[in-house]
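Please look over this structure with the report below. It covers sheets, helices, a ligand site and some backbone details.

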Amino acid sequence: MSDFKVIGQRVPKVDARRKVTGHQEYADDLRMPGMLYGKIVRCMEYAHAKVTKLDLSQAAKAPGVVKVLGPKDVTQKGYNSGVLDLMVPEPVGQMLGDIEDQLVFTDHVKFQGDAIAGIIATSEEAAERAAELIQVEYEPLPVYLTAEEAKKPDAVQFTPLKPGNLAFALPIQMFPDGAAYAWGDSEAGFAEADLIVEETFTLPKVKQCQMEPHTYVARYGDGGRLNCWTSTQMPKCIHNKLARLFELPMSRVHVIQTTVGGGFGCRLGMIAEPQVCAMAMAVQGKPVKVSLLREEDWLGSESRHPGKYKMKIGFKKDGTPISMDAHWISEGGGYYTHASGVQFTLGAWLAGTYKWTNFRFKGDRYYTNTTPCGAYRGYGNPQNNFAMEQLIDRALNQLGIDKVEWRKKWHKTVGDDGWCMGVTYASCGLDECLDKGAKAIGWEDKIKKYAKQTGSKRRGVGVAVMTHTSGAMPMLLEHTTCTVKINEDATAELIFSCSDLGTGAHTSLQQIGAETLGFPLEDVHVRAQDSDISGFDIGAHASRTLYVGGSAVIEACEDAKRQILERAATALEANQDDLVMENKKVFVKGSPDKSIDVATICYQGVYNWVMPDTGNWIGIPGQIQGYSSYFAKHNSPPWSACFVEVEVDTETGQVKVLDCVAASDVGKAIHPPSVEGQVEGGIQQGFGQSCMEAMIYDEKGLCLNNTFADYRMFGPSDMPKITNILVEEHDPFGPYGAKSAGEGGQVAPTGAIANAIYNALGIQFTEGPITPERILKAIKEKGLQA
Amino acid sequence: MSSRVLPVFDLLLPSNLEEAVGLLSQHGDQAAVMAGGTDLLVGMKVGMSPAFILSLADIQGLDYVAFDAKHGLRIGAMATLSQVVDSKVVNDKYHALWYSAFTNGTPQTRNAGTVVGNILRASPAGDCCCAALAHGGSVLLQGPAGKREVDLDEFWLDYRKTARKPDEVAVELKLKAPEHGYGSGFAALTRSYQDLAKINAAARVIMDGKVCRKVRLAMGAVAPITLRLKEAEKVLTGQEVTDQLLEQMAAAVRKEVKPIDDVRSTAEYRREVAGVLAKRVVQDAIKSVAGPCPYSCFMGA
Ligand SMILES: Cc1cc2nc3c(=O)[nH]c(=O)nc-3n(C[C@H](O)[C@H](O)[C@H](O)COP(=O)(O)OP(=O)(O)OC[C@H]3O[C@@H](n4cnc5c(N)ncnc54)[C@H](O)[C@@H]3O)c2cc1C
């Protein structure tokens, strides 16, 4: 397959130049005549309270204020910031219990930062000054920060629809085996086990930390059209959701996706679109900009799901993982959002990784008075990895089995059930990932060398593996359309709604388009981001854009190419099957002089006349456009292995990451630099989750670290050198053999770094993040092996 | 809630110190002096709202880093952290201060932020505060009645409170001249690179062979102000420095510090590593007596 011309090339990303020169426009750069500025008034002093009095009158009179909006001044329809309901058939949504429990402005504050009112003014400053004049009185309610507190019988109910504040548990109708995702008989498995390891892990609440804060502009006007500029990851879902929320036909809603300054899941679904659009509807004809401050972004947009993860694994002496029983209980925040999604997939990743003989998983999610949880890169997989990979290592230490060998032997592979039972793996390059990765880090030597250490600096190596998904078929709708418009000079526009979150998706899709059409890369242009122009795409989530979008691009381009060949066959009076298209020429196989330029065909399709001298039409009329409305046929999971070497300063508990090797089977790497970038960024976030990051709340439910000064992540200087190994195991379903690379990179590093610390100290950390504070405390309590 | 929009203020731009002091006598209580602004402007986005900002930007000649063997080091109010990092004399003779400036913030904030601003900010976590206190010295203040010097040991009164009067401008930081056998070291523990310190420590020793003749030990983020650890100093003074003695000193340090829990760390952790960090900076300081700056490997990094 090495005769690709464009695919696999290290071309500059399509957005690179504009971004590094500062020319790229983001939502906050938008300036429009008569623009107004909206401020969302949020409850900052309580995490749980009823608004007993809201007096907006002083604010309304403040200089520059155009309008103030309370809960009653806007639509009373509920919504769910997640958009999962658009992705499953209605009966399934009902079975899952998905609800719409959010309001544009609320009088029942469920977390610090909940929106209670809106102010529209002629400047951001005027809006902020007016916000200070709002008089609010609250009746404080008890604050529930943990599932235990929230489920107490006398707890205040977040919604009457979810008794006991249990937002979600796997439904018995879908999982008849005790409402668990299960096969075999896990109890019988444990009875047969030679070794059982059991632990409860605690996962922190972490933020996506995307660079661009959520910012929007909305304008209601233009003959009753609602326009919304947003850097959402899901423009088409927003299109549909805004139409429903404001009860408008979709033709009267226009969504323009602005440059996405980082997504990682935090722009999955709606964030503040409901508020900014409600404001725009209140001041018809005027554009309203709402630009969240970092701390509002922090509190008001979703985080990863934290929680407690109970896990029990049974092994035979030879390492056979005879039984797995796991129960995830998440503290999901103030609204329903992604309650059903993450709690299911977390178990799906557990199910999909290893060949558990017997398996059982339960996933619950409780309401708590914290920032609602939603999507964050990996969607449950990093939480699972931290626990699963560590507990496996604990057992392997006791069984005396090598950690790389065990993983090679027991990971699932081609033909096994994937994360969704019944959809089997079609490709798997994990063995190669493990082999190459182990060699690159020097696994065997280091394991031996670090087995016995003295002194205050202790080194360790760790490994973890993961599998993820490429799109969410068959669980969720996997649909993308693509139109390819061929211009009269034989250049092309790819028109679709696929989002590029900075990941390189548009570059890769352009490469796929050029490859399929046989055009040079510079003759293909991507046009996305406008709901008026491009057709449906479910949005950038589930690592699907390249995988599903890429297949849609191929289909559309093949459609266009077929039309070109059809016309060439007529012009050359040849059989279509005998034609070859190369370098923008179509010729008859074996007789290269019998040819026609693709440009001639395209030109004549557009400029088609009756010639006065002959009275004949030239060429064949009609501009060539290819089209695809593509539904994914598989979910081609990617695989990867991550190896980490650390040095722990046992006097301070500080961890220095010395080395990291990531070996990733992403199928064909369409644009290798983008894949490498995704892997490296994933490592950074994975390390952060395991060792540094956590949102901290005080007992009142107020967040103590809602800025980048107070919440730290791994920065460039904290990162080790990374060896990035791409294993390109061809996938039969993926576009040109590609699988996903978007989320997977974050998963295995979470487990690998935890295992490296475990290896260095002989102490396993069940609570994340593994901070120096926790390390030093554990060393003091448990002592170090000599 | 913070704001992107700075509160309204009047900007005062005196062109000399006398004028500055004059303006401060008029508006002192409502005015904030601004050097690099890297701390002040951040504060103004989260609630600080001075009616006047008196910027030192237009006063010529305050951006010096000057040394003479008799009087020691003088750092002017507008000398940036970057200037100190680039100064050969600081790198040669004031290792602790050099390293505290080198690890301070980011290249951008080092280019704007000043050493004197760091001292005046009076944060218990201030890196230069800690190093400067170990070196020992004073802050030169100029007010309506003229100039006065306040010893660093008396300069910080409480959390973010200094001995500076509202009508005074800090003109320079003075650090004592090195004597024979002089060495110094600084260390900070942070959550990530380029973070404010969880805890920092600095030591200045004057060695006579293996015997520690004099020592100044400073520690930050373990009390409302940067602390001198006098009990720990006593353990070392006049003694031959051995591992055992360092352990004794570490034990004294742990007793002397009064840390708290916050988002960066816990009191328990700070107390525990306080002793470790103290040992390390004393060892670095001793090492640097004979040799070059123990951190010179970072030069040009
Ligand atoms: C991203 C970032 C990272 C940072 N990292 C660190 C770090 O690692 N370590 C650290 O210690 N600090 C850090 N800081 C804090 C700060 O930048 C430094 O302390 C810096 O040295 C302050 O100097 P400045 O000139 O900018 O002070 P300014 O902001 O100008 O002033 C600080 C305070 O001192 C007063 N002041 C300044 N100069 C005078 C004067 N001549 N007379 C009277 N009063 C005066 C001001 O009124 C103000 O209260 C960081 C800040 C940022 C934004």
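## Basis of the report

This is a predicted model, in which local features need pLDDT of at least 70 and side-chain atom pairs count only at pLDDT 80 or more, while totals for chains, interfaces and linings use all residues. Residues are numbered from 1 along each chain as its sequence is written, chains are lettered from A and ligands numbered from 1 in the order in which they are written, and side-chain values use heavy atoms, with hydrogens and water left out.

## The four-stranded sheet of chain A

Chain A holds an open sheet of four strands in the order E17-E25-E26-E27, with mixed pairing. Strands E17 (457-467) and E27 (721-727) of chain A stand at the edges, each with a single partner strand, so one side of each has no neighbour in the sheet. From one strand to the next, the twist averages 10 degrees. Helices (H or I, at least four residues) and strands (E, at least two) are DSSP runs, numbered from the N terminus. Two strands pair if DSSP finds at least two bridges between them.

Strands E25 (residues 639-649) and E26 (residues 655-665) of chain A run antiparallel and are joined by 10 bridges. Ala641(A) has Ala663(A) in E26(A) as its bridge partner.

Two helices lie across this sheet's strands in contact (heavy atoms within 4.5 Å). Axes are lines fitted to C-alpha atoms, for helices over the stretch in contact, and angles run from 0 to 180 degrees between N-to-C directions.

## The parallel sheet of chain B

In chain B, three strands form an open sheet in the order E1-E3-E2, with parallel pairing. E1 (10-12) and E2 of chain B are the edge strands, each with a single partner strand, so one side of each lacks a neighbour in the sheet. The twist averages 25 degrees from one strand to the next.

Four bridges join E2(B) to E3 (residues 52-55) of chain B. Val33(B) pairs with Leu54(B) in E3(B) as its bridge partner. Helix H1 (residues 17-27) of chain B lies across E1, E2 and E3, at about 165 degrees to E3(B).

## The ligand site

The ligand has 27 residues around it; Val33(B), Gly36(B), Gly37(B), Thr38(B) and Thr114(B) come nearest. A residue counts as near if one of its heavy atoms lies within 4 Å. Helix H7 (115-121) and strand E2 (31-34) of chain B each supply at least two shell residues. H7(B) gives the largest share, four residues.

Ligand oxygen atoms lie 2.8 Å from a polar backbone atom of Ala35(B) and 2.8 Å from one of Asp39(B). A nitrogen atom of the ligand is 3.1 Å from a polar side-chain atom of Asn104(B). The protein covers 88% of the 980 Å² of accessible area that the ligand has on its own (Shrake-Rupley method, 1.4 Å probe).

## Backbone details

Met473(A) and Pro474(A) are joined by a cis peptide bond, with omega about 5 degrees. Pro474(A) sits in the loop between E17 and strand E18 (479-486) of chain A. Another cis peptide bond joins Gly768(A) and Pro769(A), with omega about -5 degrees. Pro769(A) is in the loop between H19 and helix H20 (772-782) of chain A.

Tyr736(A), not a glycine, has a positive phi of about 55 degrees. Its loop runs between E27 and H19 of chain A.

Conventions
A polar contact is a pair of N or O atoms within 3.5 Å; within protein, one must be able to donate a hydrogen and the other to accept it, and residues adjacent in sequence count only if both atoms are side-chain atoms.
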